[in-house]
Amino acid sequence: MRTLILALGNELMRDDGAGLKAGRLLAEKGYNVLEVGTDVFLLANHYSGEERVIIIDAILSDKLKPGEIVHLSGGEVFERLKAEMRSAHFMGAIDGLKLLMALDERLARAEVHFIGIVAKEIDLGMELSEEVERAVPKVVELVEKLTDTQSFKYSPENGE
């Protein structure tokens, strides 16, 4: 299954750069990664009909601890992100993705995964907090597992 990984974030805003950092590590390993920064609409120009789209981004949450990893797939991407978590961007990536899916039938049929890293600090600076820095390699491992098996689902209880 062809996979496109969307790396989102702003590396000038500390933990908001976590998605970009994870995406760059995956690109170095040969994965198909598109860095969209804070503009998910760049996907419209680069989407080639991949059957799986994995989005990596920092999220804000009052219920989760900094550095925690959230993996959502299918419909829960749209439901849970709206209800429980927030994107670190003005127009959330998920809202933008919904619009793009309405415009592109191929994208609407794609298997969608969202991997969020709970941010601790969204402020000027290029360093990630310790909690988020420790989460980045786990996100890379999760993406590798997702692309190796279709049925894999991350579980925070067992770290896999």
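This is a predicted model: local features need pLDDT of at least 70, side-chain atom pairs count only at pLDDT 80 or more; totals for chains, interfaces and linings use all residues.
View 1. Glu121 counts as partly exposed because its relative accessibility is 30%, while Arg14, at 18%, counts as buried.

**View 2. Asp16 is buried without a salt bridge.** This residue is in the loop between β1 and α1. Arg14 is the nearest side chain of opposite charge, but it's 11 Å away. What Asp16 does have is a polar side-chain atom 3.2 Å from the backbone nitrogen of Asn10.

**View 3. Glu35 and Arg24 form a salt bridge, with Glu11 in the network.** Here the closest N and O atoms of Glu35 and Arg24 are 2.8 Å apart. Glu35 belongs to strand β2 and Arg24 to helix α1, so this pair ties together parts that are 11 residues apart in sequence. Glu35 has a relative accessibility of 36%, so it counts as partly exposed; Arg24, at 30%, also counts as partly exposed. Salt bridges with shared partners join Glu11, Arg24 and Glu35 into one network.

**View 4. Ile55 sits in the largest nonpolar core.** Of the 26 residues in this core, those touching the most other members are Leu6, Leu43, Ile55, Val77, Leu97, Leu107 and Phe114. Helix α4 gives the most to the core, with five residues. Leaving aside residues up to four places away in sequence, Ile55 has contacts that include Leu6, Leu97, Val112 and Phe114. A second, separate core has 21 residues, among them Leu26, Val33, Val136 and Leu142.

**View 5. Helix α1 has buried residues and a glycine after its end.** The buried ones are Ala18, Gly19, Leu20, Ala22, Gly23 and Leu26, and their cover includes β1, β2, β3, β6 and α6. Gly30 follows the helix, with a positive phi near 100 degrees. Confidence is highest in α1, at a mean pLDDT of 98, and lowest in strand β5, at 57. Over residues 151-155 the pLDDT is below 50, though this stretch has 16 contacts in the model beyond near neighbours in sequence.

Notes:
Residues are numbered from 1 along each chain as its sequence is written. Side-chain values use heavy atoms; hydrogens and water are left out. pLDDT is the predictor's confidence in each residue, from 0 to 100. Helices (H or I, at least four residues) and strands (E, at least two) are DSSP runs, numbered from the N terminus. Contact means heavy atoms within 4.5 Å. A nonpolar core is a set of buried Ala, Val, Leu, Ile, Met, Phe, Trp, Tyr and Cys residues joined through side-chain atoms within 4.5 Å. Buried means under 20% relative accessible area, exposed over 50%, partly exposed in between (1.4 Å probe, protein chains only). Lys and Arg count as positive and Asp and Glu as negative; His and the chain ends are not counted. A salt bridge is a side-chain nitrogen of Lys or Arg within 4 Å of a carboxyl oxygen of Asp or Glu. A polar contact is a pair of N or O atoms within 3.5 Å; within protein, one must be able to donate a hydrogen and the other to accept it, and residues adjacent in sequence count only if both atoms are side-chain atoms.
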